[in-house]
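Open the structure in your viewer and keep the selection tool at hand. We will go stop by stop.

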Amino acid sequence: MLHGIHPKKGAIALGSDTDLVVLERADYAFDEASITDRPELRWSPYHGRRMRARVAATVLRGRTIWDGAQVLATPGSGRFVRRQSH
């Protein structure tokens with residue numbers, strides 16, 4: 001509601017996009033080498049930082065686009081969601 005994209009985003013309901021992040025709880029250290037991107041963009045201020053969870057999967061509109069190891073989405077599969085004016 002805060003960003004003006006509800007109910008298209010931010011709700012698990014009919015008519016809303018099914019976008020979910022699945023977290024796996026455990027003790028992890030963030031490793032920037034695991035970033036899936038162009039080589040010059042594989043850095044993070046979180047490198048080496050201890051984390052209590054990691055993203056195990058991401059689901060976009062009902063389809064898994066991240067399986068915890070690799071990006072499964074195809075380029076251009078995202079959609080722009082226009083902010084609602086009230």
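What is the mean pLDDT of the protein? The mean is 88, and 97% of the residues reach 70 or more; pLDDT is the predictor's confidence in each residue, from 0 to 100. This is a predicted model, where local features need pLDDT of at least 70, side-chain atom pairs count only at pLDDT 80 or more, and totals for chains, interfaces and linings use all residues. Residues are numbered from 1 along each chain as its sequence is written, and side-chain values use heavy atoms, leaving out hydrogens and water.

**First stop: Lys 8.** Select Lys 8, in the segment before E1. (Strands, E, are DSSP runs of at least two residues, numbered from the N terminus.) Lys 8 is partly exposed because its relative accessibility is 32%; buried means under 20%, exposed over 50%, and partly exposed lies in between, with a 1.4 Å probe and protein chains only.

**Next: Lys 9.** Lys 9 also sits in the segment before E1. Is Lys 9 buried or exposed? Lys 9 is buried, at 18% relative accessible area. Show Asp 19: its side chain makes a polar contact of 2.5 Å with the side chain of Lys 9. Such a contact is a pair of N or O atoms within 3.5 Å; within protein, one must be able to donate a hydrogen and the other to accept it, and residues adjacent in sequence count only if both atoms are side-chain atoms.

**Last stop: Leu 23.** Select Leu 23 in strand E1, residues 20-29. Leu 23 is exposed, with a relative accessible area of 56%.

How values were computed: Helices (H or I, at least four residues) and strands (E, at least two) are DSSP runs, numbered from the N terminus.
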